[in-house]
Structure formats: C-alpha cells, structure tokens
Amino acid sequence: MRGGYLNFMSTCKEGKLPLKLIKQWLLEENWSPEQIAGRLKIEFKRNKRRHVSHETIYKYIYSISDSQEKNKYIQVLRRRRKKRKSRKGTKTHRGPISNPRSIHERPAEVELRQIPGHWEGDSIVGKDHQSAIGTLVERSSRYTIIVEYGQDKSAENVARAFAAAYELIPKRLKKSLTFDRGCEMAQHALFTELTGIEVYFADPGCPGQRGTNENTNGLIRQFFPKKTDFSKVTEEELERTEKMLNHRPRKVLGYK
C-alpha cells in the first residue's frame, strides 16, 4: 500500500497521472474512489501508468495537510469519515398489507437480470419520519428513478406517485416491481391497476432480497443525509441527483 501511494504521488508530480481529472470526478461528479479507479482503466486502457487503486485515492485524500482542503474531499465520500461505523440492527414498524404476493412467486427470469423491465422499490424517510421520497431501480441496467411524494405520505398517494413515475417508461420495460414490507405500498392493487405492473413483496427483515435498491438508497443518502427534510427539497434537486446517479460509471456494468 505504501509503495502504491508513493508511486501515485511520484507519477502525479511527473504529470503522468490525470490528478486534475480525479479531482473533477470526486468534487464535481461525486464519483467514489472505486468508480474513479475503475473508470481510469477504461479511459487509459493502454497506459497502465495512469491506473490507480481506489485505496490509493483514499490514502491521497487523507494525506492532504490543509485541513480545509482535506475536509472538502471527505465531504464527497460516501461515509464522510475515516473510520466506518458498525451497522446496528434497527427495528422498523411494518403495517399489514392485504393480499401481498411473495417474492417467491416472482418469475424466474427476474433473478437472472438478463431481461430488462423488473424493478425494485422502496422509500427513504426524512427527518422525524415527517417526509419521504420513493426510489425505483431497474435490476438489469440499474437505471434509477426518484419519486416525489409531496406532503402526502398516504398509501394511496404513494401508489399514484409511483404510477406517475412510470408514465414515460416504455411498456416493454414495465414487467414487475419488488418492494419491501413497508406499509406505504399497502395500495399495491391500485398501483397495479394504474400501471399493469405486478407487485411482489420481499420477506420481512430481508433487505438483501432487494440488494440493488438498498445499495441505490445508500448512494442517494450521499446527497440527502439522514434527518433531511424532504419537504424542503426541490424537484430540481431530486432531478439533478437522479441524473448524476444515472450517468455514473458502475462497477457491476464494467464501469460503463
């Protein structure tokens, strides 16, 4: 690790590594060090001298002597801190959902991720549980839609808001939606009536069954941390975040 870091600094001084590009991707595009490292391998496929590991980028950030300058970079990192906090289990209250279809009834093609049109959905709750936004992510392409609830978190409004989010999506890309057991999708029958999309529900306490959506929510939290009051977040801010997520290189997609 130490040797890789010294080589990185030496290469930067020689002008052989696009440090300016790395800084741009960090500060302007909000890409993670891992995304940057993966993308450099594509951009400079024939010049391995310009490749660098994500760990080296982290080490560079935390080696910055100017505290204000260092903090500027730390603020764009996912966790915004040097040491990771351990994840402690949290209890969530789940209301009853009438006639839910289990994830185990889902078509087998969904698991393969080869046929587009199968989605995962969830809500991100804001400050004091008084506001929220919805998230949708397509399983094969990872295309993400952020859904605005407005001031109404009722199950009917949520169902209609999610349905509206699909209005511009081609019919061939609207096959299924897998949701968690949150009561906000209690009106899933109404959603299906409006969209023709069948809703399946993950098992209680099994977020891994919707891993793509859970990971996407974590990315969105970078822009809207916990205790965000979503009633004060503008539609333009949500659209900007959505656009940035959909234009990022993804490791799972070969950094494309």
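Two residues are in contact when heavy atoms of theirs lie within 4.5 Å. The exercises below apply to a predicted model.

**Exercise 1. Describe the overall make-up of the protein, and state what share of its contacts between residues at least 6 apart in sequence join residues at least 24 apart.**

Solution. Begin with the secondary structure, which consists of 10 helices and five strands. Next, consider burial: of the 256 residues in the protein, 43% are buried. Then turn to the contacts between residues at least 6 apart in sequence, of which 61% join residues at least 24 apart. Finally, take the surface, where the protein exposes about 15,100 Å², with 48% of this supplied by carbon and sulfur atoms.

**Exercise 2. Identify the buried residues of helix H8 and find what covers them.**

Solution. Helix H8 spans residues 188-195, and within it His 188, Leu 190, Phe 191, Thr 192 and Thr 195 are buried. The cover over these buried residues includes helix H7 (155-165), together with strand E4 (176-179) and strand E5 (198-201).

**Exercise 3. Locate the patch of negative charge on the surface, and decide whether Glu 237 is buried, partly exposed or exposed.**

Solution. The patch gathers Glu 148, Glu 235, Glu 236, Glu 237 and Glu 239. Helix H10 (residues 235-246) gives the most to the patch, contributing four residues, and Glu 237 is found in this helix. Because the relative accessible area of Glu 237 is 38%, Glu 237 is classed as partly exposed, a class that lies between the buried limit of under 20% and the exposed limit of over 50%.

Conventions: Residues are numbered from 1 along each chain as its sequence is written. This is a predicted model: local features need pLDDT of at least 70, side-chain atom pairs count only at pLDDT 80 or more; totals for chains, interfaces and linings use all residues. Side-chain values use heavy atoms; hydrogens and water are left out. Helices (H or I, at least four residues) and strands (E, at least two) are DSSP runs, numbered from the N terminus. Buried means under 20% relative accessible area, exposed over 50%, partly exposed in between (1.4 Å probe, protein chains only). Accessible areas come from the Shrake-Rupley method with a 1.4 Å probe; for residues, only the protein chains shown count as cover. Patches are made of residues with over 30% relative accessible area and no salt bridge: like charges are joined within 9 Å, nonpolar side chains (Val, Leu, Ile, Met, Phe, Trp, Tyr) within 5 Å. A salt bridge is a side-chain nitrogen of Lys or Arg within 4 Å of a carboxyl oxygen of Asp or Glu. Lys and Arg count as positive and Asp and Glu as negative; His and the chain ends are not counted. The place of a charge is taken as NZ of Lys, CZ of Arg, CG of Asp or CD of Glu.
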